[in-house]
Amino acid sequence: MTARLAILLTPVLLVGSNIFMTYAWYGHLRDLKEKPLWIAIGASWLVAFFEYCLQVPANRIGANEAGFSLAQLKVMQEVITMLVFAVFAVLYMKEKLTMNFVYAGICLVAAAWFMFRDFRPAA
C-alpha cells in the first residue's frame with residue numbers, strides 16, 4: 001500500500017469505527033431504554049466488536065504505513081469523534097448542539113493543526 005493511500009484510508013476507517021463506537025456508547029439511550037441494563041451492555045459490546053474491526057486496522061495502517069505518530073492518531077480520532085457525534089446527536093438522538101459544543105470542536109481542530117503542522121508522510 002502506498003503512503004498516500006494509507007493517509008486516506010486511515011481517517012476513512014476511523015470514521016466507520018466512530019460510527020459504531022458512537023452508537024455503542026449512546027444508541028442504547030434511545031433504542032434500549034426500556035430494556036434491562038444487561039441487554040444494553042451486551043448489545044453495546046456486540047456493536048463495539050465492529051468498531052474494533054475498523055479501529056485496529058486504521059491505527060495500524062496509520063502508524064505503520066502512513067507514518068502518523070501515536071499522538072497524531074489520537075487527535076485525528078478525537079476530531080472525527082466530535083464530528084460523528086455531532087451528526088449522531090442531531091440526526092439520530094434529535095438533540096440540539098450548543099455553542100459550547102462548537103467551541104470545543106474549534107479547540108480540537110486547533111489541536112489537530114498543531115499536531116499535523118510538521119507532518120511528513122512515510123516514504
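How many salt bridges does the structure hold? The structure holds two salt bridges, a salt bridge being a side-chain nitrogen of Lys or Arg within 4 Å of a carboxyl oxygen of Asp or Glu. This is a predicted model, in which local features need pLDDT of at least 70 and side-chain atom pairs count only at pLDDT 80 or more, while totals for chains, interfaces and linings use all residues. Residues are numbered from 1 along each chain as its sequence is written, and side-chain values use heavy atoms, with hydrogens and water left out.

**View 1. Four helices make up the secondary structure of the protein, with zero strands.** Helices (H or I, at least four residues) and strands (E, at least two) are DSSP runs, numbered from the N terminus. The pattern along the sequence is α-α-α-α. The C-alpha trace spans about 50 × 35 × 20 Å along its principal axes.

**View 2. Lys74 forms a salt bridge with Glu78.** Their closest N and O atoms are 2.7 Å apart. Both residues lie in helix H3, four residues apart, which is about one turn of the helix. Lys74 is partly exposed because its relative accessible area is 46%; buried means under 20%, exposed over 50%, and partly exposed in between (1.4 Å probe, protein chains only). Glu78, at 28%, also counts as partly exposed.

**View 3. Arg30 forms a salt bridge with Asp31.** Here the closest N and O atoms are 3.5 Å apart. Arg30 has 40% relative accessibility, so Arg30 counts as partly exposed. Asp31 is partly exposed at 32%.

**View 4. The largest pocket has a volume of about 200 Å³.** A pocket is an open set of points on a 1 Å grid over the protein atoms alone, where a 1.4 Å probe fits, with protein on both sides within 12 Å along at least five of seven lines; lining residues have an atom within 4 Å of a point. The volume is the space filled by probe spheres set on the points. Among the lining residues are Leu14, Met21, Tyr52 and Lys74. Helices H1 (3–31), H2 and H3 (70–92) each supply at least two residues of the lining.

**View 5. Phe20, Leu46, Phe49 and Phe50 make a nonpolar surface patch of about 400 Å².** Patch residues have over 30% relative accessible area and no salt bridge, and nonpolar side chains (Val, Leu, Ile, Met, Phe, Trp, Tyr) are joined within 5 Å. Helix H2 (residues 37–66) gives the largest share, three residues. Phe50 is found in helix H2 and is partly exposed, at 39%.

Technical notes: Patches are made of residues with over 30% relative accessible area and no salt bridge: like charges are joined within 9 Å, nonpolar side chains (Val, Leu, Ile, Met, Phe, Trp, Tyr) within 5 Å. Accessible areas come from the Shrake-Rupley method with a 1.4 Å probe; for residues, only the protein chains shown count as cover.
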